[in-house]
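This report covers strand pairing, the nonpolar core, aromatic contacts and selected residues. The sequence and the structure come first.

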Amino acid sequence: MTMMSKLSTELLEEILSRVPMTSMRSVRCTCRNWNTICKDATFTKKHLSQTTSKGEILTVVMMNCSLHLMRVNLQRGGLDHPTIKTTGKLISLDDSYQVVVSRVCHCDGLLLCTTEAYSWLAVWNPFRSQTRWICVEPTSVRHRKLWYSHALGYEEGKSFRIYKILRFAGNVHEIYALKSSDSWRVLDVNPDWDIGYDNHGVSLKGNTYWYAKVAGGVGFLLCFDFTRERFGPLMPLPFECFSDDAVILSSVGEEQQQLAVLFQHRETLEMEVWVTTKVEPDAVSWSMFFAVDMWPLTGFRFNTGGSFVVDEENAAVVVFDEDRNVEKPTRNTAYIVGFGESSYFREVDLGKVTTGKEGFPHACSYVPSSVQT
């Protein structure tokens, strides 16, 4: 009988690539050779192709201050049986104690996690079980009590990507480069727009996009360019929207190269989903994906602080929110809306809303990578 240690590298890669993603931490801890194999970018792509079914969307969902890996498959079993399967709960960022996460954003296989007490930030690669802890000590005493929003992006260098974190609150904007500094640097920004704290940004090609509002509550698209370290101009959305409308951004496609935006009218509850045909820090164009009247389906408006994923191939979207009991929700829920030749609507129960844990379930499409933190 041949021992694992005697197998060729090619055969060993083939075997390890079939291990479920939630068990990869144990694989890497087995021996130094296995750990080296798992860190290779080629192995990462092979592992993803072996463990993900065709048409399946891998998502990281934050619920009740915990992170969960879920697989969205709107193809398996036919349109009458779309599935959202929880693969597992992502384990602690720190082996010594359980870290409570209040917010999360995704870029290039890395997760930027904000701790509940806002004492540290963690840049985490779950696939590599690697974490980089960053002190959030403000650059000025007068900034200590500000509750920051964050974004993770990168500058495309000559031979590698330079990952950076942007944080901001009010007129205070600061940036942190992971590879070249251990301190925050203040940016010169004089905003004439506002990004709500519950408004999650979406990372796309190294930059982050937000739904921003100006005086009067009119909404626009806004991008932060991590290479130039500045915000671009306000760009038009494909609809007219105001403060009480629901507007949520997401990314689209396997390589996450396009933006999607969900709009739901505050009164009629009519919902539209648009996808970009071109998107840059200073230019955007849109194409209608679909429109549907949500009044007879849910009877309520989705939250701007919520999230959604798009399945272009199966002509459907999945919105992550809470149940229909708007005043006192008790369950986290996924709402699946399909259209086209076979229109359908489904609700999937994601579990109990834990008392005292703020925020809606937040999902982002996740593509594992071998990027180091």
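## The open sheet

Glu174 stands opposite Val186, a residue of β11. The model discussed here is a predicted one. Strands β10 and β11 are joined by two bridges and run antiparallel. They belong to an open sheet of four strands, ordered β8-β9-β10-β11, in which the pairing is antiparallel. At its edges are β8 and β11 (185–186), each of which pairs on one side only.

## The largest nonpolar core

The largest nonpolar core has 20 residues; those that touch the most other members are Leu112, Leu121, Val123, Ile134, Leu152, Ile165 and Leu178. At least two residues of this core come from each of β4 (101–107), β5 (110–115), β6 (120–125), β8 (149–156), β9 (161–169) and β10 (172–177). Strand β9 gives the largest share, three residues.

Leu112 can be followed through its contacts. With residues up to four places away in sequence left out, Leu112 touches Arg103, Val104, Cys105, Leu121, Ala122, Val123, His150, Ala151, Leu152 and Ile165.

Apart from neighbours within four places in sequence, Ser203 is in contact with His106, Cys107, Leu152 and Thr208. Ser203 is part of strand β12 (residues 202–204). Its relative accessible area is 11%, so Ser203 is buried, the cut-off being under 20%.

Strand β17 (residues 258–264) is largely enclosed by the rest of the structure, because six of its seven residues are buried. On one pairing, β17 is joined to strand β16 (residues 246–252) by seven bridges, and the two run antiparallel. Within that pairing, Ile248 stands opposite Leu262 of β17.

Strand β17 also pairs with strand β18 (residues 270–280): five bridges join them, and the direction is again antiparallel. Here Ala260 stands opposite Val275 of β18. The strands β17 and β18 form a hairpin with five residues between them. In the turn, Leu269 has a positive phi of about 65 degrees.

## Aromatic pairs

A pair of aromatic rings is described by the distance of the centres and the angle of the planes. The structure holds 15 aromatic pairs. For Tyr154 and Tyr163, the ring centres are 5.6 Å apart and the planes meet at 65 degrees; the pair is edge-to-face because the angle is over 60 degrees. Tyr154 and Tyr163 are both buried.

Phe289 and Phe339 also form an edge-to-face pair, with 5.1 Å from centre to centre and 90 degrees between the planes. This pair links distant parts of the chain, as its residues are 50 apart. Phe289 lies in strand β19 (residues 283–293), while Phe339 lies in the loop between β22 (331–338) and β23 (344–352). The two residues fall on either side of the 20% cut-off for burial. Phe289 has 19% relative accessibility and counts as buried, whereas Phe339 has a relative accessible area of 21% and is partly exposed.

Ring pairs also build a cluster, whose members are Phe168, Trp193, Trp210, Phe224, Phe226 and Phe231.

## Charges over rings

Two arginine side chains are placed over tyrosine rings. The charged end of Arg103 sits over the ring of Tyr197, at 4.3 Å from the ring centre. Arg167 has its charged end over the ring of Tyr148, at 4.5 Å from the centre. Arg103 is also among the residues that Leu112 touches.

## Cysteines

How many disulfides does the structure contain? The count comes to zero, with a cut-off of 2.5 Å between the sulfur atoms of a pair. Cys135 is partly exposed, at 40% relative accessibility, whereas Cys223 is buried, at 0%.

## Glu347

Which parts of the chain does Glu347 touch, beyond residues up to four places away in sequence? The contacts are Leu297, Arg324, Thr333, Ala334 and Tyr335. Glu347 lies in strand β23 and is partly exposed, with a relative accessible area of 39%. From Glu347 to Val318 the C-alpha to C-alpha separation is 9.4 Å, while the two are 29 residues apart in sequence.

Key
Residues are numbered from 1 along each chain as its sequence is written. This is a predicted model: local features need pLDDT of at least 70, side-chain atom pairs count only at pLDDT 80 or more; totals for chains, interfaces and linings use all residues. Side-chain values use heavy atoms; hydrogens and water are left out. Rings of Phe, Tyr and Trp (its six-membered ring) pair if their centres lie within 6.5 Å; planes under 30 degrees apart count as stacked, over 60 as edge-to-face and the rest as tilted. Buried means under 20% relative accessible area, exposed over 50%, partly exposed in between (1.4 Å probe, protein chains only). A charge sits over a ring if NZ of Lys or CZ of Arg is within 6 Å of the ring centre and within 35 degrees of the ring normal. Two strands pair if DSSP finds at least two bridges between them. A nonpolar core is a set of buried Ala, Val, Leu, Ile, Met, Phe, Trp, Tyr and Cys residues joined through side-chain atoms within 4.5 Å. Contact means heavy atoms within 4.5 Å.
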